[in-house]
Amino acid sequence: MNRKDIDLLVARIEGLKGFLENNSLEEFQKQILHVENFLRRFGTLDELLSHVARIEKIAYAAKDFLNIDEVAEYLQVSKSYVYKLTSTKELTVYKPNGKNIFILRDDLNDWIKRTSLLSHEEIEKRASQIIYQSKNSKVRKGGKK
């Protein structure tokens, strides 16, 4: 078990202690049945923790604004590189409390799209469009075909 798992278990034990101090044995038995149902569904505590991690990732994907750590993970770059992007104003930042930096996910996607490398097929397609537009422009202006 890693430190995060241990901290989670300690928090659960402390919660259980508080629950036992404030509830009856019957309530405790109901909670044990809930835990048994979870274990039947997921098999082991590790599988349950894995399921919770997947849910956290889904929640993360639904966020509009990301903090610096999340941006670095999203772009798969270092935090220092993210800070460089923000200091050179390549990314728009939001600082609601004047300190913490947030970046809109759509801004990140736009930044990613600006640095595209076209495939050979896409280059040929765009070249054909430019040639076609150029020929049509000459025809409209009264030039030769």
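1. Starting with Lys79: at 40% relative accessibility it counts as partly exposed (buried is under 20% relative accessible area, exposed is over 50%, and partly exposed is in between, with a 1.4 Å probe and protein chains only). Lys79 forms a salt bridge with Asp69, and the closest N and O atoms are 3.2 Å apart. The term here requires a side-chain nitrogen of Lys or Arg within 4 Å of a carboxyl oxygen of Asp or Glu. Lys79 sits in helix H5 (residues 79–87) and Asp69 in helix H4, so this pair ties together parts 10 residues apart in sequence. Asp69 is partly exposed too, at 43% relative accessibility.

2. Before going on, a word on the basis: this is a predicted model, where local features need pLDDT of at least 70 and side-chain atom pairs count only at pLDDT 80 or more, while totals for chains, interfaces and linings use all residues. Residues are numbered from 1 along each chain as its sequence is written, and side-chain values use heavy atoms, with hydrogens and water left out.

3. Back to the charged pairs: the salt bridge count comes to four. One of them joins Glu70 and Lys63, with the closest N and O atoms 2.6 Å apart. Glu70 is buried, with a relative accessible area of 15%, whereas Lys63 is partly exposed at 32%.

4. Glu122 and Arg126 make another salt bridge, their closest N and O atoms being 3.2 Å apart. Both lie in helix H7 (residues 120–140), four residues apart, or about one turn of the helix. Helices (H or I, at least four residues) and strands (E, at least two) are DSSP runs, numbered from the N terminus. Glu122 is partly exposed at 26% relative accessibility, and so is Arg126, with a relative accessible area of 42%.

5. Now the largest pocket, which has a volume of about 1,000 Å³. On a 1 Å grid over the protein atoms alone, a pocket is an open set of points where a 1.4 Å probe fits, with protein on both sides within 12 Å along at least five of seven lines; lining residues have an atom within 4 Å of a point. Grid points are joined across faces, edges and corners, and the volume is the space filled by probe spheres set on them.

6. Who lines that pocket? There are 28 lining residues, and Leu8, Arg12, Leu45, Leu48 and Leu49 lie nearest the centre. H1 (3–22), H2 (25–42), H3 (45–62) and H4 (68–75) each supply at least two, with H1 giving the most, nine residues. The lining splits into 17 nonpolar, four polar and seven charged residues (Ala, Val, Leu, Ile, Met, Phe, Trp, Tyr, Cys and Pro count as nonpolar, Asp, Glu, Lys and Arg as charged, and the others, Gly among them, as polar).

7. Finally, have a look at two backbone spots. Gln76, in the loop between H4 and H5, has phi near 60°, a positive value in a residue other than glycine. Lys89 also has phi near 60° and is placed in the loop between H5 and strand S2 (102–104). Most residues other than glycine have a negative phi. Both count as exposed: Gln76 at 72% relative accessibility, and Lys89 with a relative accessible area of 71%.
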